[in-house]
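I opened the notebook to record a few things I looked up in one structure. The entries follow in the order I made them.

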Amino acid sequence: MAVLAAGRRFLSFTRSNSRAVQAAFSASLQMHTSGAAMQVKAGDFEKAKEQLKLLKSDPGNEVKLKLYALFKQATEGPCNAPKPGMMDFVNKAKWDAWKSLGSLSQDSAKETYVNLVSSLVPSESSKKEEASTTSSQQKYETLLVNTEDNITKIILNRPEKKNAITTTMYNELIQALHEAGKDGSVLTVLTGNGDYYCSGNDLNNFANVSLENKEKSARDGAVLLERFVSSFIDFPKPLIAVVNGPAVGVSVTVLGLFDIVYATDRATFHTPFSQLGQSPEGCSSYTFPKIMGHSKASEVLLFNKKFTAVEACDLGLITEVFPDNTFQDQVWARIKDYAQLPRQSLAFSKQLIREVEKEKLHAVNNQECERLIERWTSDECMNAILSFFQKKSKL
């Protein structure tokens, strides 16, 4: 019964689509009957076939049926194939689409096929160009970056992985921050795509480290982390975090280097370093005690305490918390107002506030990274990460 029901639904779909296909065919074929169409140049049809393979987005069933019919007409001529049975839903839809072309010549079918493919591929290219323009010539795998209304927005874009930070994302964030620091925007915002702000380090970064090369991997990782944190320390203009969901690990520790941190009320903040046999980073060993006091900082950095957004705000790590249902509207309205302030005035004022501590922050960053090299090569850390993966595999 389920099969019959599905068949009826598909039959209904193909009948309605068949009418739509015929209407689309009629519109595209009018140019041939008017004599205005250009003749297909040699090789254009073959080129169109190759272009179609590059199409990444699904054009829809109607267009796919149309392409199938035109291809068959162009290569075999009018439809003389026997009509498929009524229960052969897919082939029946294809046969109807091909049959609807009637006596259209093979040359005309080729031309219509080429024109249709051309209309699809440039459309996709124009979307890419538009995205490139609005995303400051987007060139990142793990980030979305765009500049609009005097605001450079950097979005962590691995929502399916809770925006966990890979080695690639580290490098891309360094590059994006470097470019944002030099562009003409007034301020820069870092946020996440999806339900999470960031779930911290992608522990798969550790998965392929062998015992033979673990020391080199640890040193390479520490160099990358030092560069990453330095990008925040040295950032020359106002830097705002829009924490749209839970934050873990390094995405929490570097918050002490931002100028403003806004969070939704469903955000949480967790730094499970001891749990993973590691130690603090992101200058948090200095900024957290300074911001929230020694005792509270110890709860976070030593004993893995997870804070709510409200608790983090009370401690001074977060500037302000907003209800989740109004978070985006309220925060972005405020940031757009800030972006109307004089650019140089904001930049110089930030330098006056931050310059005094820069040398200290860089020294702390180096010390933390040196300690992490020892941690990452220790049996304690390796066993803790192995235990994490084992627990994860049982879920």
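Entry 1. Against what do the buried residues of α10 pack? I noted first that the model is predicted. The buried residues of α10 pack against α9, α11 (294–301), β8 (307–308), α12 (309–315) and α14 (343–376).

Entry 2. I looked up which residues of α10 (residues 284–292) are buried, and found Ser-284, Thr-287, Phe-288 and Met-292. Seen down the axis of α10, these buried residues fall within an arc of 95°, so they line one face of the helix. After α10 comes Gly-293, with a positive phi near 95°.

Entry 3. I turned to α9 (residues 250–253), where I found Ser-251. Ser-251 has a relative accessible area of 6%, under the 20% cut-off, so I put it down as buried. Its side chain reaches the backbone oxygen of Cys-198 at 3.4 Å.

Entry 4. I searched the whole structure for aromatic pairs and got 8. In one of them, Tyr-170 and Phe-228 have ring centres 4.8 Å apart and planes at 85°, so I recorded the pair as edge-to-face. Tyr-170 is in helix α6 (residues 167–182) and Phe-228 in helix α8 (residues 214–233), so the pair ties together parts 58 residues apart in sequence. Tyr-170 is buried at 6% relative accessibility, and Phe-228 is buried at 3%. Ring pairs link Tyr-170, Phe-228, Phe-232 and Phe-258 into a cluster.

Entry 5. I also checked for charges over rings. The charged end of Lys-153 sits over the ring of Trp-332, 4.4 Å from its centre. That of Lys-110 sits over the ring of Phe-45, at 5.6 Å from the centre.

Note on methods:
Residues are numbered from 1 along each chain as its sequence is written. This is a predicted model: local features need pLDDT of at least 70, side-chain atom pairs count only at pLDDT 80 or more; totals for chains, interfaces and linings use all residues. Side-chain values use heavy atoms; hydrogens and water are left out. Helices (H or I, at least four residues) and strands (E, at least two) are DSSP runs, numbered from the N terminus. Buried means under 20% relative accessible area, exposed over 50%, partly exposed in between (1.4 Å probe, protein chains only). A polar contact is a pair of N or O atoms within 3.5 Å; within protein, one must be able to donate a hydrogen and the other to accept it, and residues adjacent in sequence count only if both atoms are side-chain atoms. The arc is that of the directions from the helix axis to the C-beta atoms. Contact means heavy atoms within 4.5 Å. Rings of Phe, Tyr and Trp (its six-membered ring) pair if their centres lie within 6.5 Å; planes under 30 degrees apart count as stacked, over 60 as edge-to-face and the rest as tilted. A charge sits over a ring if NZ of Lys or CZ of Arg is within 6 Å of the ring centre and within 35 degrees of the ring normal.
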